Amino acid sequence: MRPPPIRLKRLSFARSAAGPLLTGIRLSGTPLTGTLLAGVLLLGLAGAEPYRVKPGETLYRIALRTGLSEQTIQKANPVLRGGHTVYAGQVLNIPPKPLPPGTFRVRKGENLKKLARRLGVGEAEIRRANPQIDRRGTLNAGQVLRLPARWIAAQRKAEQVARQRAAQKKAAQQAALKKAAAKKAAAAKVAAAKATAAKVAAAKAVAAKKAKPTTHRVQFGDTFFNIARRYGINPITLQGYNPRYAGRMLEVGTVLSLVAPKPRPAAVRTVVRAAVRLSPAPALRTTTSRSAPRRSPSVWEWPVPGYGRVTSDFGWRTLDGEKELHKGIDVAAPPGTPVVAARSGRVIQAQLDRTYGWGWTVVIQHPDGWQTRYAHLSGIAVQARQLVRQGERVGAVGSTGRVTGPHLHFGLYRNWDPHNPLAVYAGGAD
C-alpha cells in the first residue's frame with residue numbers, strides 16, 4: 001500500500017529593488033545569499049518526498065538509490081542526528097535532487113501566466129528560454145525549466161550591488177575604527193606630553209627650593225678656574241667676589257664667597273686698591289710675602305716695572321685636578337700694563353698661541369743660550385726676527401689663553417731648559 005501523498009506548501013515570493021527573488025533556484029557561478037538562500041532551503045524541505053525504509057536497507061544504499069549523499073539525507077532528517085542507523089518501516093524525507101545551474105521547478109497548480117507573474121518577466125521570455133513548452137503553455141508540478149537570461153542578469157546585478165554595499169559598509173567601519181584609534185593615540189600623546197611637562201615643572205620647583213651654596217671651602221687642587229666652572233661663575237667674577245685672594249695660590253681650607261660681597265665703605269675700597277696696584281718705583285715694592293727681590297747688580301731687567309706681586313711660583317703645581325710643571329712665574333698686574341724685554345735679544349716668536357694656552361706670547365733669544373717668554377698678553381708690540389733692547393716694550397699685560405685673570409707669565413730658559421726666573425734677580429745666574 002502506497003503512503004498518502006504529501007501536500008506541498010506554496011512558497012512565498014519576495015521582491016526587492018533589484019528585482020524579484022525566486023526561491024528554489026540555482027544560478028550558474030552565482031552564490032546564493034540572503035533571502036535567496038533561505039528560499040532554496042525552504043524549497044528543499046517543501047519538495048521533499050517521503051520514503052519508507054525497506055528491510056535490510058542502510059543509509060548508504062538509500063543514498064545510492066536516490067542519487068544523494070548521506071549528509072544531504074541526514075540534514076533533511078534531524079531524527080538521524082548525524083548517525084547512519086535506519087530501521088525497516090522508518091519514513092525519511094528525501095529532498096529533491098539539486099537543480100542544474102540556471103534552472104528552477106514549477107510549483108503545483110502553476111501555469112505559464114502565473115509563472116511569468118512570479119518571475120516578473122514576459123511569457124515570451126520564458127518560452128524563448130524553454131522551447132519545449134507547448135502552445136497552450138501547459139506546465140507540470142515539479143517540472144524543471146530554465147530561467148530567462150534577463151532574470152539571471154537582474155539577479156546577478158542585485159548580488160553585485162549587495163556585495164558592493166557590503167564592501168562599502170566594511171570600509172566605512174574600518175575607516176571609523178582607524179580614525180578612532182588615531183584620535184585615541186593623539187589624546188594619549190597629549191596626555192604623555194602634559195605628564196612630562198608636569199614632571200619637569202615639579203623637578204624645577206624642587207631644584208628651586210634647594211638653597212644654592214654661598215661659600216666654598218678650598219680642597220686640595222682647587223683653583224679659581226675649576227671652582228668657578230663648578231658653580232657656573234666667571235673666574236674673573238669669582239675673584240672679584242674674593243679680592244683678598246685674587247691672584248694668589250689658594251690654600252686648603254680657605255673659604256671663598258660665591259656671591260657678591262656687600263658694599264664696603266669707600267675708605268676700605270681705597271685701601272684694597274692700594275694693596276693690589278703698586279706705584280711705579282725704581283725698586284719693586286710688593287704687599288705680599290712672595291714677591292720679586294730687590295734688584296741686585298744683574299744683567300736682567302724686571303719685565304713688569306712697578307708690579308712685583310708673584311701669584312704663582314716656578315715648580316710643580318696642581319691645576320684642574322692635574323699635576324703639572326709651571327715653567328715660570330705669574331706676575332699680577334692690571335690689564336694693559338706695559339711688559340718690557342728683560343734683556344736685549346732677537347724676537348723668535350710673536351703670535352697668538354692656541355695650542356698650549358699661552359694666548360698672545362712673545363719669545364726672545366738672548367746671548368749665551370738664554371730665552372725668555374712673555375705670555376697671556378693683551379697685545380704685542382714686536383715682530384718675529386726683530387732686534388729689541390733691554391727695557392724696550394714688547395707687549396701689555398692681558399688674560400688671553402688659559403688663565404683665570406690678568407697677569408704676565410714670565411718664563412726663563414737656558415738652551416730651552418726651564419729655570420726659576422727669581423734666581424737670576426737674586427744674583428744666582430747671569
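## Confidence of the model

The chain averages a pLDDT of 78, and 78% of the residues score at least 70, where pLDDT is the predictor's confidence in each residue, from 0 to 100. Over residues 1–46 the pLDDT is below 50, although this stretch has 80 contacts in the model beyond near neighbours in sequence, a contact being heavy atoms within 4.5 Å. Residues 266–297 also have a pLDDT below 50, with 47 contacts beyond near neighbours in sequence. Where pLDDT is low, the predicted coordinates should not be read in detail.

This is a predicted model, in which local features need pLDDT of at least 70 and side-chain atom pairs count only at pLDDT 80 or more, while totals for chains, interfaces and linings use all residues. Residues are numbered from 1 along each chain as its sequence is written, and side-chain values use heavy atoms, with hydrogens and water left out.

## Nonpolar cores

The largest nonpolar core has 27 residues, of which Val304, Val362, Ile364, Tyr374, Val394 and Leu408 touch the most other members; such a core is a set of buried Ala, Val, Leu, Ile, Met, Phe, Trp, Tyr and Cys residues joined through side-chain atoms within 4.5 Å. Another core, of 14 residues, lies apart from it and includes Leu112, Ala116, Leu119 and Ile152.

## Valine 382

Valine 382 sits in the loop between strand E17 (370–380) and strand E18 (387–388), strands being DSSP runs of at least two residues, and helices (H or I) of at least four, numbered from the N terminus. Valine 382 counts as buried because its relative accessibility is 5%, buried meaning under 20% relative accessible area, exposed over 50% and partly exposed in between (1.4 Å probe, protein chains only).

Leaving aside neighbours within four places in sequence, valine 382 is in contact with Val347, Ala350, Val362, Val388, Arg393 and Val394.
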